[in-house]
Amino acid sequence: MSALAGLVRKETRHLLRDRQTLAILLLLPLVSVLLFGFAVRTDVRAIPVAIVDPSPDAASRALAAQVAQSPQFRLRGVVRSEQALERDFRAGTLRQAIVLPEGTARRLARGDRIVIGVITDAADPNTGRVMGGHVAAMLARWEADQVGPSGVPRVTMLTRMRFNPTLESVNLFVPGLIALVLTIVAAMMTAISITREKERGTMELLLASPLRPATVVLGKVTPYVVLGMANALTVLLAARLVFGMPLRGHPGLLLVAALLYVIASLGLGILISTRAETERTAIMAALAGLLLPTLMLSGFIFPLEALPAPLRAVAQVIPARWFLVIVRGVMVKGATLADLHREVAVLATMAIALLGIGIRRLAIRLP
Amino acid sequence: MTGPAIVADGLTRRFGAFTAVDAVSFAVGRGEVFGFLGANGAGKTTAIRMLIGLLPPTAGEATVAGASITSDPEGVRRRIGYMSQRFSLYDDLTVRENVALFGTIYGLRPAAIDARREILLGRIGLAHARDALVRQLPLGWKQQLALMVALLHEPEVVFLDEPTGGVDPITRRRFWELIYATAASGTTVLVTTHYLDEAEYCDRLSIMVDGRIAAIGTPGEVRATWGAATLDEVFLRLTRPGAAA
């Protein structure tokens with residue numbers, strides 16, 4: 001048996017023999033899925049929106065100008081046909097599209113009724129609902145400008161919620177919940193278990209042995225990778241069986257993302273443990289330093305678009321922010337690796353960097 | 001291999017402006033029981049951490065069991081055993097599981113681990129408890145077990161950092177018998193202690209004061225040099241100048 005296998009076995013025994021903690025870790029994902037039935041009201045700004053305009057004229061140009069000026073929207077472009085937008089929708093770089101009919105200005109001038117389509121990315125149902133409201137308000141202002149306040153309404157809005165037509169809130173909380181559970185299991189438990197070994201003096205024995213630091217770390221984290229993946233599957237299964245959550249994309253991509261996220265979290269846990277002197281400090285650091293940002297800044301509760309600029313910048317370095325985009329994309333939109341390659345690349349880079357830095361830090365032998 | 005088990009030459013460790021260990025030089029022969037004495041904060045633990053390859057020295061060099069602590073710390077760690085100040089085995093694992101873990105860490109084969117385990121447990125009379133969780137053992141036995149685990153891979157040198165802290169006099173006595181048996185079998189023992197009566201059991205000893213070695217030799221030589229009746233007196237004079245007349 002190799003030294004690594006010995007370490008993994010030892011770590012697994014620690015996990016299995018602490019029955020209370022193990023029970024909490026296994027039940028946590030299940031209980032949280034069942035309890036997390038609430039949705040959070042959200043406000044959004046700078047929604048990336050495109051206008052589909054088959055025949056540009058004065059009226060449609062006025063609409064484009066109005067969109068461009070509104071703080072709630074960011075005009076991503078005016079295109080001739082809806083097909084051109086499909087890719088951006090899947091990748092999440094486009095959240096809404098306004099589809100104008102042929103000859104808008106002419107038909108309005110004649111007094112015809114027109115139908116304007118509004119397509120909304122409702123993968124995140126709360127945001128989708130709010131975005132729908134913003135567009136409706138803006139189209140009403142535009143109509144008033146075009147035909148004057150007196151006349152009967154001539155514009156009908158036809159709304160289509162993409163990806164999540166029924167605005168299921170299960171689609172909102174499940175991806176975030178996976179991130180939350182994995183942060184607790186992978187980051188917090190690694191931080192706790194390494195700090196415990198430091199406190200009890202056993203880490204010193206391992207470091208005084210011929211083991212390489214990388215072997216010590218791998219032996220430490222392997223059981224938590226397994227536990228983390230089991231937790232992710234629990235959340236997904238419960239969401240599917242109890243709430244009928246869809247899985248439109250490839251499950252493999254989902255698991256790869258979960259694995260990368262677990263590795264990144266483990267790295268963060270190791271980093272905490274190299275600083276924390278006691279288990280208590282490690283727990284507090286994991287709560288304040290990892291759990292809160294994962295909740296608040298990942299787009300889980302508050303949409304990234306709603307964050308003030310400095311916080312949005314901070315959010316970019318949080319692994320959960322990228323993980324969430326991937327999970328929502330795969331599950332709700334059926335996105336593929338081609339759609340999400342940027343997010344996967346960022347998450348993979350973070351995972352490798354964090355684990356690498358963690359191992360290095362632990363290798364700087366503690367005085 | 002011949003030559004001394006430990007050679008330290010100008011070993012120095014600074015933490016910022018503070019010099020914890022200041023140009024320490026000494027040699028320990030093979031099979032010797034060497035006492036490493038000093039008040040708290042005198043630099044003992046820092047010196048040991050350097051000698052076992054846990055902490056790189058700021059200056060100087062040392063060779064342990066023929067391996068350099070600066071160029072081959074991994075080689076050092078392979079050849080030594082270490083028992084730290086705090087009792088440190090895994091108390092949620094059984095005796096057998098602890099032994100198996102450290103056996104695999106030092107690259108022993110399963111059959112060799114089983115054989116060594118029975119010999120070592122027999123030596124401390126703990127063979128009947130091989131499947132007990134370590135947390136269920138009394139402290140005195142835990143500490144003897146920790147020493148046996150440190151000797152599992154038959155190291156050339158074993159470092160014991162205050163191995164007898166907090167155990168009763170009978171167990172201390174028993175522990176020193178184990179130390180003698182270890183040295184008799186050819187393993188060099190470097191031991192730190194707070195108990196000066198224990199220091200009398202050592203073949204040779206050194207007393208560290210403020211990062212330097214203030215006295216070194218056999219217990220008799222050290223007493224003679226300072227004209228003192230007991231090591232206790234020497235220790236007090238060195239660590240609290242003016243306290244003893």
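# Briefing on chains A and B

Glu162(B) is found in the loop that runs between strand E7 (157–161) and helix H6 (169–184) of chain B. This residue has a positive phi of about 45 degrees although it is not a glycine. The model is a predicted one.

**Backbone angles in chain B**

- Most residues other than glycine have a negative phi.
- Glu162(B) counts as partly exposed, because 18 C-beta neighbours lie inside 10 Å and a buried residue needs 20 or more.
- Ala23(B), also not a glycine, has a positive phi of about 50 degrees.
- Ala23(B) belongs to strand E2 (residues 18–28) of chain B.
- With 15 C-beta neighbours inside 10 Å, Ala23(B) is likewise classed as partly exposed.
- Gly107(B), which follows helix H3 of chain B, has a positive phi near 75 degrees.

**Chain B as a whole**

- Chain B contains nine helices and 10 strands.
- The radius of gyration of chain B is 18 Å, close to the 18 Å that the globule rule gives for 245 residues, so chain B is as compact as a globular protein of that length.
- The C-alpha trace of chain B spans about 55 × 40 × 35 Å along its principal axes.
- Of the 245 residues in chain B, 47% are buried.
- Among contacts in chain B with a separation of 6 or more, 67% are between residues 24 or more positions apart.

- Helix H3 (residues 95–105) of chain B is mostly covered, with 10 of its 11 residues buried.
- The buried residues of H3(B) are Val95(B), Glu97(B), Asn98(B), Val99(B), Ala100(B), Leu101(B), Phe102(B), Gly103(B), Thr104(B) and Ile105(B).
- These buried residues pack against elements of both chains: helix H1 (3–17) of chain A, and helix H4 (110–124) and helix H5 (139–150) of chain B.
- The contact between the chains takes 20 residues from chain A and 21 residues from chain B.
- On the side of chain B that touches chain A, the elements giving two or more residues are helix H2 (73–79) and H3 of chain B.
- H3(B) gives the most to that side, with five residues.
- By class, the residues on that side of chain B are 11 nonpolar, six charged and four polar.

**Leu11 of chain B**

- Leu11(B) lies in strand E1 (residues 6–15) of chain B.
- Leu11(B) counts as buried because it has 24 C-beta neighbours inside 10 Å, where the cut-off is 20 or more.
- Not counting residues up to four places away in sequence, Leu11(B) touches Val21(B), Val24(B), Ala47(B), Met50(B), Pro57(B), Gly60(B) and Ala62(B).
- Phe26(B) is 15 residues from Leu11(B) in sequence, and the C-alpha to C-alpha distance between the two is 9.4 Å.

**Chain A as a whole**

- Chain A has 14 helices and five strands.
- Taken along the principal axes, the C-alpha atoms of chain A fill a box of roughly 85 × 40 × 30 Å.
- Buried residues account for 44% of the 367 residues in chain A.
- Of the contacts in chain A between residues at least 6 apart in sequence, 80% join residues at least 24 apart.

**Helices H2 and H9 of chain A**

- Two packed helices are described by the angle between their axes and the distance between the axes.
- Helix H2 (residues 19–35) and helix H9 (residues 213–243) of chain A pack at an angle of about 25 degrees, and their axes are 9 Å apart.
- H2(A) is therefore roughly parallel to H9(A), since angles under 35 degrees count as such.
- The crossing of H2(A) and H9(A) is right-handed.
- H2(A) contributes Leu25(A), Pro29(A), Leu30(A) and Val33(A) to the contact.
- H9(A) contributes Leu227(A), Asn231(A), Thr234(A), Val235(A), Ala238(A) and Ala239(A).
- The contact of H2(A) with H9(A) has eight nonpolar residues, two polar residues and no charged residues.

Terms used: Residues are numbered from 1 along each chain as its sequence is written. Chains are lettered from A and ligands numbered from 1 in the order in which they are written. This is a predicted model: local features need pLDDT of at least 70, side-chain atom pairs count only at pLDDT 80 or more; totals for chains, interfaces and linings use all residues. A residue is buried if 20 or more other C-beta atoms lie within 10 Å of its own, exposed if 12 or fewer, and partly exposed in between; C-beta atoms are placed from the backbone. Helices (H or I, at least four residues) and strands (E, at least two) are DSSP runs, numbered from the N terminus. Two residues are in contact if their C-beta atoms, placed from the backbone, lie within 7 Å. Ala, Val, Leu, Ile, Met, Phe, Trp, Tyr, Cys and Pro count as nonpolar, Asp, Glu, Lys and Arg as charged, and the others, Gly among them, as polar. The radius of gyration is taken over C-alpha atoms; the globule rule is 2.2 Å times the number of residues to the power 0.38. Axes are lines fitted to C-alpha atoms, for helices over the stretch in contact, and angles run from 0 to 180 degrees between N-to-C directions. Angles under 35 degrees count as roughly parallel, over 145 as roughly antiparallel, 65 to 115 as roughly perpendicular and the rest as oblique. A crossing is left-handed if the near helix is turned anticlockwise from the far one by less than a right angle, and right-handed if clockwise.
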